[in-house]
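Colleague: Could we go through this model together before I set anything up? I would like to begin with the terms and then move on to the structure.

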Amino acid sequence: MSSPAVDPSSPVVDPTDPAFALHRGGKLAVASTVPLTTREDLSLAYTPGVARVCEAIAADPALVDEYTWVPHTVAVVTDGSAVLGLGNIGPRAAMPVMEGKAVLFKQFGGVDAVPVCLDTQDVDEIVSVVTALAPSFGGINLEDISAPRCFEIERRLDEALPIPVFHDDQHGTAVVVLAALRNAATLLNRKLGDLRVVVSGAGAAGVAVTKMLVAGGVNPAQVVVCDSRGILHRDRTDLTATKAELAALTNAAGRSGGMVEALRDADVLIGVSGGQIPEEALAGMAPGGAIFALANPTPEVHPEVAARYAAVVATGRSDYPNQINNVLAFPGIFRGALAARATRITEGMKVAAADAIAAVAVEGEWDGTVAVAAGQLRADAIMPSPLDPRVAPAVAEAVAEAARRDGVARS
């Protein structure tokens with residue numbers, strides 16, 4: 001069936017823009033995995049043959065993992081409240097992003113994914129709907145849901161469902177940041193536990209990044225987290241419960257003030273806020289450190305400016321070196337979790353994913369056919385390319401092994 005023609009009178013469609021041409025008709029389709037060319041095919045794929053399989057699953061529900069798409073299919077769920085850098089644009093406008101996420105799952109992880117855009121932003125309703133849909137899927141990838149609601153939604157679904165639940169904006173970002181910091185520290189001949197780290201942003205990504213760095217070996221006493229009002233510290237009375245938890249975990253010296261005070265003598269800056277950081281604040285950093293400015297499309301610090309104050313610079317953009325991109329994490333994490341039939345995704349599985357990503361970069365750059373410069377890290381090549389086909393299998397293997405080690409695997 002051909003796609004409907006675009007209304008040429010629509011003032012918001014640019015017919016010369018290749019993005020509109022690529023998206024016309026959507027980026028996904030459903031394909032059959034079985035033949036339907038004979039009467040016998042039809043009788044096996046549908047009635048009466050399908051009834052025998054249904055009866056078997058009713059008698060032994062675990063058979064759903066053997067005889068349906070469930071064990072290799074993920075729901076990509078959003079409420080459209082925090083879509084990319086576009087904000088609260090709603091579920092319909094979020095669909096192109098969720099379709100894109102599903103394409104990335106398939107391309108890089110071999111995992112089937114279905115966009116589910118919910119026309120509600122009520123926490124109870126989202127939890128109820130996703131719980132009701134869960135029998136159709138082997139995992140739930142939460143996407144572009146605003147903080148602080150995303151924390152409660154993930155927590156409640158994780159407690160309610162016997163399958164992996166993963167908010168990629170939090171944990172995917174955090175996994176890749178930990179991988180990047182591991183390799184940056186190696187290149188700079190530093191230990192993670194000795195680094196003084198500033199995280200700019202205390203939303204979904206900032207919270208997860210901070211916790212992941214601590215799980216990976218960064219000393220929480222030497223981490224300082226900032227929100228739009230300044231440094232999180234124990235004496236602030238305007239903190240949400242989540243930010244208060246971060247304040248109690250970090251900033252042992254009790255620093256207060258803004259970004260200038262936070263970055264004084266810092267070794268590492270990790271930007272996950274979108275707010276611009278002035279150059280005068282960067283000037284107070286310790287020399288020879290790292291700046292990860294991850295906001296898209298405009299980094300918190302322009303890479304050319306960051307390079308004046310740090311030895312290693314990374315962004316979230318593909319047109320600069322060291323792209324910190326979630327696609328390095330989530331396809332392999334779900335592939336490994338599904339392969340192990342994991343009931344949840346543990347901190348150990350996320351740390352294992354980060355270690356695997358970091359290790360691929362150490363194996364050398366991917367030039368399209370082979371890895372080159374094996375065994376070496378450079379300041380402009382601490383991360384694998386998002387297109388590197390070695391990443392997802394390495395992450396999947398590490399995650400599946402960690403799931404078994406952490407006791408959440410069922411196979």
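Predicted model: local features only at pLDDT ≥ 70, side-chain atom pairs only at ≥ 80, totals over all residues.

Colleague: Understood. With that definition, where is Asn322?

Modeller: Asn322 sits in the loop between β10 and α14. Its phi is positive, about 60 degrees, although the residue is not a glycine.

Colleague: Is Asn322 buried or exposed?

Modeller: Asn322 is buried, since its relative accessible area is 5% and the cut-off for buried is under 20%.

Colleague: Which ones are they?

Modeller: The buried residues are Phe330, Pro331, Gly332, Ile333, Phe334, Gly336, Ala337 and Leu338. After α14 comes Arg341, which has a positive phi near 50 degrees.

Colleague: Changing topic: what is the strand order in the open sheet of six strands?

Modeller: The order is β7-β6-β5-β8-β9-β10, and the pairing is mixed. At the edges are β7 (230-231) and β10 (310-315), each of which pairs on one side only.

Colleague: Remind me, in what senses can strands of a sheet pair?

Modeller: Strands pair through backbone hydrogen bonds, in either a parallel or an antiparallel sense.

Colleague: And in which sense do β5 and β8 pair?

Modeller: Strand β5 (residues 197-200) and strand β8 (residues 268-271) are parallel, with four bridges between them. Opposite Gly271 in β8 stands Ser200.

Colleague: I also need to check the peptide bonds. Which bond is cis with omega near 10 degrees?

Modeller: The bond from Thr47 to Pro48 is cis, with omega near 10 degrees. Pro48 is in the loop that lies between α2 (39-45) and α3 (49-59).

Colleague: And which cis bond has omega near 0 degrees?

Modeller: That one runs from Asn296 to Pro297. Pro297 is located in the loop between β9 (289-293) and α13 (303-306).

Colleague: Let us turn to the whole protein. How many helices and strands does it have?

Modeller: There are 16 helices and 12 strands.

Colleague: What is the radius of gyration, and what would a compact globule have?

Modeller: The protein has 23 Å; a compact globule of 411 residues would have a radius near 22 Å, so the two agree. Along the principal axes, the C-alpha trace spans about 75 × 55 × 50 Å.

Colleague: What about burial and contacts?

Modeller: Of the 411 residues, 47% count as buried. Among contacts with a separation of 6 or more, 65% are between residues 24 or more positions apart.

Colleague: Lastly, what are the figures for surface and charge?

Modeller: The accessible surface is about 19200 Å², and carbon and sulfur atoms contribute 56% of that area. The protein has 32 positive and 47 negative charges, whose mean positions are 3 Å apart.

Terms used:
Residues numbered from 1 in each chain as written. Heavy atoms only, no water. Helix = DSSP H or I, 4+ residues; strand = E, 2+ residues; numbered from the N terminus. Rg over C-alpha atoms; globule rule 2.2 N^0.38 Å. Buried < 20%, exposed > 50% of the residue type's maximum accessible area, 1.4 Å probe, protein only. Contact = heavy atoms within 4.5 Å. Areas by Shrake-Rupley, 256 points an atom, 1.4 Å probe, with all protein chains shown as cover. Lys, Arg positive; Asp, Glu negative; His and termini not counted. Charge placed at Lys NZ, Arg CZ, Asp CG, Glu CD. Pairing = 2+ DSSP bridges.
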